[in-house]
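Subject: Structure handover

Hi,

Here is the structure for you to look at. My notes follow below it.

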Amino acid sequence: METKEAFDLLNKQLPKGVFLNVKNDNKVNTMVIGWATVGRVWGKEIMTVMVRFSRNTYDLIKNADSFTVSVPEYDTIKKEIAFMGTKSGRDFDKYKETGLTLCDAKSVESPIINEAKVHYECKIVYKQSMDPTGIIDYENIEKRFYEGNNDYHMIFYGEILNVYDK
Ligand SMILES: Cc1cc2nc3c(=O)[nH]c(=O)nc-3n(C[C@H](O)[C@H](O)[C@H](O)COP(=O)(O)O)c2cc1C
């Protein structure tokens with residue numbers, strides 16, 4: 001698959017949800033993300049993902065070296081996305097509950113989801129939490145996403161080491 005096709009599938013599926021997979025300290029977790037960007041920073045191909053502090057995934061990714069993003073074909077995997085995107089790895093064995101299975105990635109420690117179609121493998125090179133004072137008063141972003149919860153996103157920048165379909 002061409003990089004462009006992978007990117008097109010990622011963008012098509014993001015509004016419905018794709019899988020963010022992280023392994024650190026022998027613990028693995030998968031959650032659903034709807035926000036991500038792909039572009040260039042520091043002369044490298046970079047994917048950014050945004051994880052709220054409250055997620056179980058955050059507890060793993062904050063000290064991890066890598067993450068992967070596995071892009072499913074939504075129509076075949078709706079129920080699994082609903083579970084991974086609403087339940088926490090703190091309360092459930094999310095793989096047992098959904099039947100989704102993990103497979104070693106090619107170039108990073110974090111695994112990928114077998115049942116997905118396209119995989120991005122990323123080495124974390126930078127992270128930065130959203131600064132509330134930087135939020136511009138535009139379309140009520142602060143109110144709609146953060147008011148009363150103080151649960152801002154940490155943005156993780158990953159160098160894309162591999163993109164492929166399975
Ligand atoms: C379509 C969709 C998109 C989502 N996008 C994000 C996101 O970009 N960042 C985030 O922190 N949570 C996002 N979530 C919510 C998490 O997936 C959800 O809270 C999940 O249960 C967290 O799991 P964890 O506690 O095991 O990490 C999204 C959920 C859905 C259904």
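Strands β1 (residues 18–24) and β5 (residues 66–71) run antiparallel and are joined by three bridges. In that pair, Leu20 stands opposite Val69 of β5. Bear in mind that this is a predicted model.

Helix α1 (residues 3–13) packs on the sheet. The helix touches β1, β3, β4 (44–52), β5, β8 (118–129) and β9 (153–165). Its direction makes about 65 degrees with that of β8.

Now the sheet as a whole. It is open, has seven strands and pairs them antiparallel. The order is β2-β1-β5-β8-β9-β4-β3. The edges are β2 (27–33) and β3 (36–41). Each has a single partner strand, so one side of each is left without a neighbour in the sheet. On average, neighbouring strands are turned by 35 degrees against each other, direction ignored.

Next, the largest pocket. Its volume is about 370 Å³. The lining counts 22 residues, and the closest to the pocket centre are Met31, Val32, Ile33, Arg55 and Gly85.

Which elements supply at least two residues each of that lining? They are β2, β4 and α2 (56–61). Edge strand β2 gives the largest share, four residues. By class, the lining divides into seven nonpolar, 10 polar and five charged residues.

Best wishes

Methods:
Residues numbered from 1 in each chain as written. Predicted model: local features only at pLDDT ≥ 70, side-chain atom pairs only at ≥ 80, totals over all residues. Heavy atoms only, no water. Pairing = 2+ DSSP bridges. Axes fitted to C-alpha atoms, helices over the stretch in contact; angles between N-to-C directions. Contact = heavy atoms within 4.5 Å. 1 Å grid on protein atoms, 1.4 Å probe; cavity = no way out; pocket = protein on both sides within 12 Å on 5 of 7 lines; lining within 4 Å. Points joined across faces, edges and corners; volume = space filled by probe spheres on them. Nonpolar A, V, L, I, M, F, W, Y, C, P; charged D, E, K, R; others polar.
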